[in-house]
Amino acid sequence: MPFINQDLPYEANHLEPIISARTVEFHYGKHQAGYASNLEVLTNGTAFSDMDLISVIKETVFDNDEAAIYNNAAQLWNHIFYWDGLKHAEKAKTGGALKGDFAEAVKAAFGSEENMKAKLIEAAVSIFGSGWAWLVLDPKTKLLSIVKTQNAGNPVTMDMVPLFTIDVWEHAYYLDYQNRRAEYAKALVEELADWGVVQERYGAAMSK
Ligand SMILES: [Fe+2]
């Protein structure tokens, strides 16, 4: 299976004014495209070329000899997941309360929706250097939590199910926010996160 840079779920200007079309064009069109093409070259003719991305990530995460494949596979998956968690529809712009079992799980883990969002933003701000802040589900305990990963890190390697992520590599925000990462993270969580998508991910994970 070739590792193609699959299409964004919306146009490049769809996330404005929080994330500019210019940022999306560089982030998706240059950085993400680079991960996809690197992975294609690195895996060509290997056993990894027939695997899905999650399998490649799990197979290579603890193997230093395969670090380049791991980094590019994880970065490609993380980016596809990141874009897909951002608003697909107008409704997400106005936020709206979380619903059903997911809302209950958020309340149980964080006390409130506001606190969950605050913790997510705090995690994004506190990552030293490049990485990702995640809302995850532990499939064993069924509890939600927030984790941080450095560089290309992905929570599936910790046996966690990712539900939402914030890319805090500078390429995700520097053109729009320069060094103001907190402003980017806050705007992303409060105005661009598609909680309907996150609820769907939670429901899918809980039904397994
Ligand atoms: Fe990125």
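Biologist: In what order do the elements of the chain run from the N terminus on?

Modeller: This is a predicted model, in which local features need pLDDT of at least 70, side-chain atom pairs count only at pLDDT 80 or more, and totals for chains, interfaces and linings use all residues. Residues are numbered from 1 along each chain as its sequence is written. Helices (H or I, at least four residues) and strands (E, at least two) are DSSP runs, numbered from the N terminus. Here the order is α-α-α-α-α-β-β-β-α-α-α, which comes to eight helices and three strands.

Biologist: What radius of gyration does the chain have, and what would a compact globule have?

Modeller: The radius is taken over C-alpha atoms, and the globule rule is 2.2 Å times the number of residues to the power 0.38. For 208 residues the rule gives a value near 17 Å, and the chain agrees with it at 17 Å. The C-alpha trace spans about 50 × 40 × 30 Å along its principal axes.

Biologist: What share of the residues counts as buried?

Modeller: The criterion is a count of other C-beta atoms, placed from the backbone, within 10 Å of the residue's own: 20 or more means buried, 12 or fewer exposed, and anything in between partly exposed. By that count, 36% of the 208 residues are buried.

Biologist: Which domains does the assignment give?

Modeller: Domain bounds come from an automatic or database domain assignment. For this chain the assignment gives domain 1 (21-84) and domain 2 (93-206). Their centres, taken over C-alpha atoms, are separated by 21 Å.

Biologist: How many residues of each domain are in contact with the other domain?

Modeller: Two residues are in contact if their C-beta atoms, placed from the backbone, lie within 7 Å. On that basis, 18 residues of domain 1 touch 14 residues of domain 2. On the domain 1 side, the elements giving two or more residues are helix 1 (21-43), helix 2 and helix 3. Helix 3 gives the most, with nine residues. For the classes, Ala, Val, Leu, Ile, Met, Phe, Trp, Tyr, Cys and Pro count as nonpolar, Asp, Glu, Lys and Arg as charged, and the others, Gly among them, as polar. The domain 1 side then has nine nonpolar, six polar and three charged residues.

Biologist: How are the strands arranged in the sheet?

Modeller: Strands of a sheet pair through backbone hydrogen bonds, either parallel or antiparallel. Two strands count as paired if DSSP finds at least two bridges between them. The three strands here form an open, antiparallel sheet in the order 2-1-3. Strand 2 (143-150) and strand 3 (161-167) are the edge strands, each pairing on one side only. Strand 1 (residues 131-138) pairs with strand 2 over eight bridges. Within strand 2, Lys 148 stands opposite Ala 133, and Ile 146 is the bridge partner of Leu 135.

Biologist: Which helices lie against strand 1 and strand 3?

Modeller: Angles run from 0 to 180 degrees between N-to-C directions, and axes are lines fitted to C-alpha atoms, for helices over the stretch in contact. Helix 3 (67-84) lies across strand 1 and strand 3, at about 85° to strand 3. Helix 8 (residues 195-206) packs on the sheet and touches strand 1 and strand 3, its direction making about 150° with that of strand 3.

Biologist: Which residues have a backbone geometry that deserves a second look?

Modeller: Most residues other than glycine have a negative phi, and most peptide bonds are trans. Against that background, a cis peptide bond joins Glu 16 and Pro 17, with omega about 5°. Pro 17 is in the segment before helix 1. Lys 142 has a positive phi near 65° in the hairpin of strand 1 and strand 2, which has four residues between the strands. Asp 159 has a positive phi near 60° and is found in the loop between strand 2 and strand 3.

Biologist: Why do Lys 142 and Asp 159 count as exposed?

Modeller: Lys 142 counts as exposed because it has 12 C-beta neighbours inside 10 Å. Asp 159 is exposed because it has 11 such neighbours inside 10 Å.
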